[in-house]
Amino acid sequence: QNIPQIPMTMHPGAEQGLPFELSQMYQRMTSQGVQVPLVSGMLKRAVKEMDAESLRKPAMVDAWMVRQILNSVDVAKNPIQGRYHVFMGCTGQGKTTTLVKFASHLLLKEKKTIAIISLDTIKVGAADQLRIYAQILNVPFAIVRSREEWNVAQAKLGHINHILVDCPGFNLRTMEEVEWLKEMIPPAEMDRRLHYVQSVLARDEETFDIAARYQMIGFHDVIFTRLDESSRQGLILNFQDK
């Protein structure tokens with residue numbers, strides 16, 4: 001007679017060859033948005049490095065994973081290094097807000113003199129918003145509309161420690177946008193730092209796609225925003241791994 005087959009349910013992570021003891025951690029990491037190959041690789045390393053008794057204790061697995069993440073996330077050693085700080089990225093990532101926070105930190109904590117420059121003559125009201133922030137902070141503000149104007153800015157702001165530059169939000173879908181941004185940001189010889197601003201609310205595939213286009217210009221570090229609005233922050237690990 002045909003005996004009905006009862007399907008066996010596999011534990012989370014079984015397809016990746018992970019033991020049952022690590023299924024809880026596998027679920028937690030993937031629910032945070034960390035990509036499966038990355039989680040699988042980390043947990044396979046845990047199997048090799050931890051003894052069988054430790055693997056059965058969730059607290060030990062937690063501690064191992066925390067240490068692994070802390071050791072693997074590469075944090076910028078000196079984010080305020082450089083004279084010109086350029087904030088770039090696509091629309092809605094929090095560039096202007098980040099610039100203002102950065103300005104407040106330099107002004108109040110580091111006791112530096114700063115100036116704010118906007119390159120955004122495209123979005124209506126973008127420069128006006130930044131001008132109001134500059135007035136509140138009581139720091140110089142300017143709009144640069146061509147590459148030649150950097151020499152004027154350099155001459156007038158020679159006594160300033162740090163100059164923060166706000167770029168328009170571009171997806172860089174055309175080479176015209178890439179060339180315009182390359183042309184408009186401060187020249188490389190001006191001791192500049194290029195900060196790529198990225199919201200953790202974005203989808204991974206879109207994020208990687210746009211960041212790859214920004215690599216044509218190059219950036220020194222990534223500033224992740226909207227962490228307070230997000231419950232899934234796996235994008236930080238995925239982005240660095242990519």
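This briefing covers helix packing and pockets in one structure. The model is predicted, so local features need pLDDT of at least 70, side-chain atom pairs count only at pLDDT 80 or more, and totals for chains, interfaces and linings use all residues. Residues are numbered from 1 along each chain as its sequence is written, and side-chain values use heavy atoms, with hydrogens and water left out. Helices (H or I, at least four residues) and strands (E, at least two) are DSSP runs numbered from the N terminus.

**Helices α5 and α6**

- Helix α5 (residues 95-109) and helix α6 (residues 126-137) have axes that come within 11 Å and cross at roughly 15 degrees; axes are lines fitted to C-alpha atoms, for helices over the stretch in contact, and angles run from 0 to 180 degrees between N-to-C directions.
- That angle makes α5 roughly parallel to α6 (under 35 degrees is roughly parallel, over 145 roughly antiparallel, 65 to 115 roughly perpendicular and the rest oblique).
- α5 and α6 cross in a right-handed way (the near helix is turned clockwise from the far one by less than a right angle; anticlockwise is left-handed).
- On the α5 side, T96, L99, V100, A103, S104 and L107 meet Q129, L130, Y133 and L137 of α6, where contact means heavy atoms within 4.5 Å.
- This contact of α5 with α6 has 7 nonpolar, 3 polar and no charged residues (Ala, Val, Leu, Ile, Met, Phe, Trp, Tyr, Cys and Pro count as nonpolar, Asp, Glu, Lys and Arg as charged, and the others, Gly among them, as polar).
- S104, in helix α5, touches K109 and L137, not counting residues up to four places away in sequence.
- S104 and I114 are 10 residues apart in sequence, with 9.5 Å between their C-alpha atoms.

- The axes of helix α2 (residues 36-49) and helix α4 (residues 58-72) come within 11 Å and cross at roughly 120 degrees.
- α2 and α4 are therefore oblique to each other, and the crossing is right-handed.
- M42, L43, R45, A46 and E49 of α2 make the contact with W64, M65, R67, Q68 and I69 of α4.
- By class, that contact of α2 with α4 has 6 nonpolar, 1 polar and 3 charged residues.
- Helix α1 (residues 23-31) and α2 have axes that come within 10 Å and cross at roughly 145 degrees, in a right-handed crossing.
- M25, Y26, M29 and T30 in α1 meet V36, V39, M42 and L43 in α2, giving 7 nonpolar, 1 polar and no charged residues.

**Pockets**

- A pocket, on a 1 Å grid over the protein atoms alone, is an open set of points where a 1.4 Å probe fits, with protein on both sides within 12 Å along at least five of seven lines, and lining residues have an atom within 4 Å of a point.
- The largest pocket has a volume of about 710 Å³, the volume being the space filled by probe spheres set on the points, which are joined across faces, edges and corners.
- Its lining holds 23 residues, of which D74, V75, A76, D221 and V222 lie nearest the centre of the largest pocket.
- β6 (221-225) is among the elements that each supply at least two lining residues, and β6 gives the most, with 4 residues.
- The second largest pocket holds about 230 Å³ of space.
- Of the 16 residues that line the second largest pocket, G92, G94, K95, T96 and K123 lie nearest its centre.
- The largest share of that lining, 3 residues, comes from α5.
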